[in-house]
Structures are given as C-alpha cells and as structure tokens.
Amino acid sequence: MQFVDEARFTVRGGRGGDGSVSFNREKYKPRGGPDGGRGGDGGSVVLHATEDLTTLEPYARRQVIKADRGRHGSGNNRAGERGGDTHLDVPVGTQVFDEHGLLADLSEPGASFVVAQGGEGGRGNGSFATSTRQAPAFRERGLPGEERELLLELKVLSDVGLVGLPNAGKSSLLRTLSAARPRVGDYPFTTLTPQLGVVDEKTHKNPFVVADIPGLISGASEGRGLGNRFLRHVARARLLALVLDASEDPEGAQGTLLAELHAAGLSERPTVTALNKIDLLDEELRAYLRDAFPGAYLISAASGEGVGVFRDHVEGMVRRLGERAAMPATEREHRVYRPTWKGLQIGRENGGFVVAGEEVERLALKTDWDNPEGIERFQRELEKSGVVGALRRAGAEEGDEVRIGGTVFDFR
Ligand SMILES: Nc1nc2c(ncn2[C@@H]2O[C@H](COP(=O)(O)OP(=O)(O)OP(=O)(O)O)[C@@H](O)[C@H]2O)c(=O)[nH]1
Ligand SMILES: [Mg+2]
C-alpha cells in the first residue's frame with residue numbers, strides 16, 4: 001500500500017427519518033387516537049484508530065463519506081429504525097482537523113471519534129396530542145446529519161527520529177539497527193516517505209521505534225525539499241538523532257539541521273548526534289571529530305562499527321525520557337446541535353428579514369411545509385418562543401419576507 005499521510009474529504013451523517021402521521025383505527029371506535037411513530041436517528045460517521053493500518057491511502061481518493069439515513073416512523077407508534085453508522089479505520093497517530101482546527105488526536109489504538117453526527121429523527125403525530133388538540137395531523141421532519149470537511153493528517157508515532165541531510169546514511173543506520181529494510185541509495189533523496197523500524201525487537205532489551213524520514217535541506221521548514229513535509233513525523237519523537245556524514249562537512253550539516261529544527265519549533269527536543277561513515281576516515285580525522293563534537297557517537301552504518309554503543313545509549317535515553325508524550329490535549333469538545341433560543345439573531349436582507357439561531361433553524365428544518373397543521377405549529381412555536389415579537393420589534397410587517405435557514409415565508 002502506498003504511504004499517504006494526508007487525506008481530505010467530506011463526511012455527512014445520515015438524515016433523521018420523518019415522524020409519521022397516523023390514526024389508530026380500531027373496530028367500534030369511530031375516532032382512533034393519533035399513533036404516528038417517531039423517525040429513526042440518522043447514522044453517524046465514526047473514525048477508529050487501529051494499528052492494522054499504517055497509511056491514509058484508503059482515503060486518498062474519497063470525496064464524500066456518508067452514513068445511512070434513519071427510517072421513517074409508522075403507525076401504531078412504531079419508531080423508524082436508526083440509520084447504520086459508517087465506521088472508518090485510520091492508522092494510530094491520525095489527527096483530525098476541520099476548518100476550525102484540531103478536532104481529535106487519535107494516538108491510542110482503539111480510540112474513536114464521531115466526525116459527523118446523524119440527524120435526529122422527527123416526532124410523529126402521536127407525540128403531539130394534548131387535551132386541547134386530540135387529533136393532531138402533523139409530524140416533524142427528520143433533521144439533516146452533520147456535514148463537515150475533514151483533513152486527516154498522519155503523524156507516525158516513534159520514539160526516536162533520525163534527522164540528517166540527504167545521503168547522510170539515515171536509512172543505512174535504520175537497516176543496521178532494525179529489521180526494517182528502507183531503500184538505501186548513493187544519491188540524495190532516496191527515502192521518499194517515513195519508514196519505521198523496531199530496534200531490539202529480538203533481544204531482551206526494551207524495544208523502541210525509530211523513524212527514518214527523507215533528508216532535510218536548508219530551508220526545509222519553509223517548504224524547500226522534501227523533508228519539511230516529513231518533519232511532522234518526528235515532531236512527536238522523544239529523542240531526535242542527528243545523523244551527520246562525517247566525511248563531508250559535518251559542522252556545516254549540523255548547523256543546517258539545528259537551524260531547521262529551530263524553525264520547526266523542535267529546538268527544545270533532546271538530541272543525540274551520530275557521526276556516520278567513519279569507516280572512510282583515518283585515525284587523525286577521528287580524533288579531530290571527537291574534539292569538535294563532544295558527546296557525539298562515531299559510527300559506521302556500513303561496517304557496524306560503533307553502532308552497538310550508540311544503540312545502547314539511545315535505548316537508555318529513551319527509557320529515561322519516559323512514556324511517549326501525547327500531543328498537548330487540544331481536543332475540542334465535539335459539537336452536537338443543542339437547542340437554544342439564545343443565539344437568536346435577526347437581520348435584514350433584500351428588504352426582508354433573516355432569523356438565525358440554532359433552535360429556530362432546527363424548528364424550520366423539522367417543519368413539514370406540505371402540511372397546513374405543520375405550518376400552524378411552526379407559527380405557534382415562533383410566537384411562544386418570542387421570535388414573532390422580536391421580528392415585530394425589528395420592524396417586520398405583515399407580508400414581509402422572512403428567511404430562516406433555507407426556508408422563506410411571509411410574515412403574518
Ligand atoms: N562508507 C559508508 N557509506 C555509507 C555509510 N552509511 C551509508 N553509506 C552510503 O551512503 C549513501 C546514502 O545512504 P542512505 O542510507 O540512503 O542515506 P539517507 O540519509 O537515508 O539518504 P536520504 O534518504 O536521501 O535522505 C549510500 O550509498 C550508502 O551506502 C557508512 O557508514 N559508510
Ligand atoms: Mg534514506
């Protein structure tokens with residue numbers, strides 16, 4: 001499967017089923033009571049984080065993903081069936097954004113999140129009978145499901161991120177450290193997508209996950225080269241290992257890398273430095289590098305020299321740094337339609353009026369405009385709730401056009 005770390009598509013919850021208009025017809029009872037049942041709620045679209053998937057590729061070419069609508073209610077107070085939910089598996093490490101920002105960070109296997117709630121089913125005429133209105137012949141329509149445009153971003157979860165210029169030997173090092181087999185090439189930009197390897201899986205030590213990303217170049221954090229897109233994949237690693245080609249201006253490379261990490265907001269992250277390709281250097285140069293890079297590890301991914309010591313050091317650091325840090329909890333509370341007249345707003349539009357507010361818009365959506373009794377109820381609710389009064393105070397007169405959501409009617 002191709003590695004895809006970004007996907008953009010629309011999700012839509014199922015529409016709620018309509019309530020039903022029905023009257024109970026029993027023998028010898030001339031006028032049965034209203035018994036129209038409620039419509040079922042629409043299904044929701046739900047994301048689930050799983051370790052069985054490592055890419056967002058299943059969503060690369062999707063445009064709209066919907067859940068089922070709820071069934072309509074029927075006579076004898078039978079409620080309509082609820083619409084089925086649509087379950088979408090995403091890799092662990094997927095972050096969910098909409099136009100307002102981060103909605104959820106699915107960093108634990110099994111975590112789930114409702115991205116589009118299904119619409120509420122409408123009530124049937126059975127629920128509108130009162131002592132003064134014994135035979136209501138109207139029902140509510142079901143509400144449309146939530147709809148939003150999503151951006152999913154995968155950030156692979158690793159303990160150690162390898163960062164280095166192209167050709168420094170990051171992929172070679174990952175091969176030497178783990179069973180992972182990333183491509184190694186003697187040209188820059190061999191690695192095009194992040195690769196993960198588990199180190200010490202087969203020994204008795206504490207295994208940890210290393211991420212190899214495409215090489216960074218100067219200006220990466222401003223979008224140059226390939227590395228910038230991939231820095232986010234190491235943004236959650238506890239430890240960054242700077243891999244420098246010891247045979248080619250390691251000081252310059254270090255400067256470039258530190259500047260890029262700084263620009264990417266990663267300068268506070270613990271780092272360890274590995275000077276790679278020391279098999280190409282004589283003892284004099286090695287001694288020089290030990291002086292110039294105190295604390296750095298001299299290794300050769302090719303011959304394996306120094307790699308064991310480096311690995312043990314990294315293992316210890318990872319252990320001391322403790323649990324893999326989750327992203328700061330910026331998860332926003334999921335917004336579900338909650339009725340409130342408070343948000344009521346009245347404005348003017350082309351000589352008419354616009355009424356905005358969650359509950360009033362819900363009421364308009366639920367109204368069965370084909371049914372005179374349904375329209376009457378809409379009118380009554382507007383009066384009861386003060387919307388009519390508010391419109392009058394705003395200057396509305398008989399015959400003026402009023403729009404609520406997508407519904408336009410004459411004020412009376
Ligand atoms: N002599 C020597 N060559 C090495 C060593 N490590 C890597 N190389 C060579 O350096 C070249 C680049 O190695 P890669 O592992 O692909 O480098 P990389 O950092 O992953 O490069 P990008 O994926 O392009 O960023 C290859 O030709 C490797 O064989 C080493 O320790 N010694
Ligand atoms: Mg590579």
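User: What makes strand S2 and S4 a pair?

Analyst: Start with the cut-off: two strands pair if DSSP finds at least two bridges between them. In this predicted model, strand S2 (residues 45-50) and S4 are joined over six bridges. Six meets the requirement of at least two, so S2 and S4 count as paired. The sense of the pairing is parallel. For one bridge, look at Val45: its partner in S4 is Thr86.

User: Which sheet has the order S4-S2-S7, and what makes it mixed or open?

Analyst: The order S4-S2-S7 belongs to an open sheet of three strands, and its pairing is mixed. S4 (86-91) and S7 (112-116) are its edge strands. Why are they called edges? Each of them pairs on one side only. From one strand to the next, the twist averages 30 degrees.

User: How do you know that S1 pairs with S8, and in which direction do they run?

Analyst: Count the bridges. Strand S1 (residues 6-12) and strand S8 (residues 147-154) share seven, and they run antiparallel. At least two bridges are needed, so seven make S1 and S8 a pair. Arg12 is opposite Glu147 in S8.

User: What about S1 and S3: how many bridges join them?

Analyst: Three bridges join S1 to strand S3 (residues 64-66). That also meets the cut-off of at least two, so S1 and S3 pair. Here the two strands run parallel. Val11 is found opposite Ile65 in S3.

User: Which strands are the edge strands of the open sheet of six?

Analyst: The order of that sheet is S10-S11-S9-S12-S13-S14, with mixed pairing. Its edges are S10 (195-199) and S14 (297-298), each pairing on one side only. Inside the order, S9 (residues 160-164) and S12 (residues 239-245) pair in the parallel sense over five bridges. Five passes the cut-off of at least two, so the pair counts. One bridge links Gly161 with Leu240 in S12.

User: Why is the protein called more spread out than a compact globule?

Analyst: First, the parts: eight helices and 18 strands. Now the test. For 412 residues the globule rule gives 22 Å, but the radius of gyration is 31 Å, well over that value, so the protein is more spread out than a compact globule. Along its principal axes the C-alpha trace spans about 105 × 50 × 35 Å.

User: How is the protein divided into domains?

Analyst: There are domain 1 (6-154), domain 2 (160-321) and domain 3 (345-410). The centres of domain 1 and domain 3 are 26 Å apart. Their contact takes nine residues from each of these two domains. On the domain 1 side, five are nonpolar, one is polar and three are charged.

User: Which residues come nearest to ligand 1?

Analyst: Gly169, Ser171, Asp186, Thr191 and Gly215 come nearest, out of 24 residues around ligand 1. To count as near, a residue needs its C-beta atom, placed from the backbone, within 6 Å. Helix H1 (residues 170-177) gives the largest share of the shell, three residues.

User: What is the make-up of the shell around ligand 1: how many nonpolar, polar and charged residues?

Analyst: Nine are nonpolar, eleven polar and four charged.

Definitions and conventions:
Residues are numbered from 1 along each chain as its sequence is written. Chains are lettered from A and ligands numbered from 1 in the order in which they are written. This is a predicted model: local features need pLDDT of at least 70, side-chain atom pairs count only at pLDDT 80 or more; totals for chains, interfaces and linings use all residues. Domain bounds come from an automatic or database domain assignment. Two residues are in contact if their C-beta atoms, placed from the backbone, lie within 7 Å. Ala, Val, Leu, Ile, Met, Phe, Trp, Tyr, Cys and Pro count as nonpolar, Asp, Glu, Lys and Arg as charged, and the others, Gly among them, as polar. Helices (H or I, at least four residues) and strands (E, at least two) are DSSP runs, numbered from the N terminus. Axes are lines fitted to C-alpha atoms, for helices over the stretch in contact, and angles run from 0 to 180 degrees between N-to-C directions. The radius of gyration is taken over C-alpha atoms; the globule rule is 2.2 Å times the number of residues to the power 0.38.
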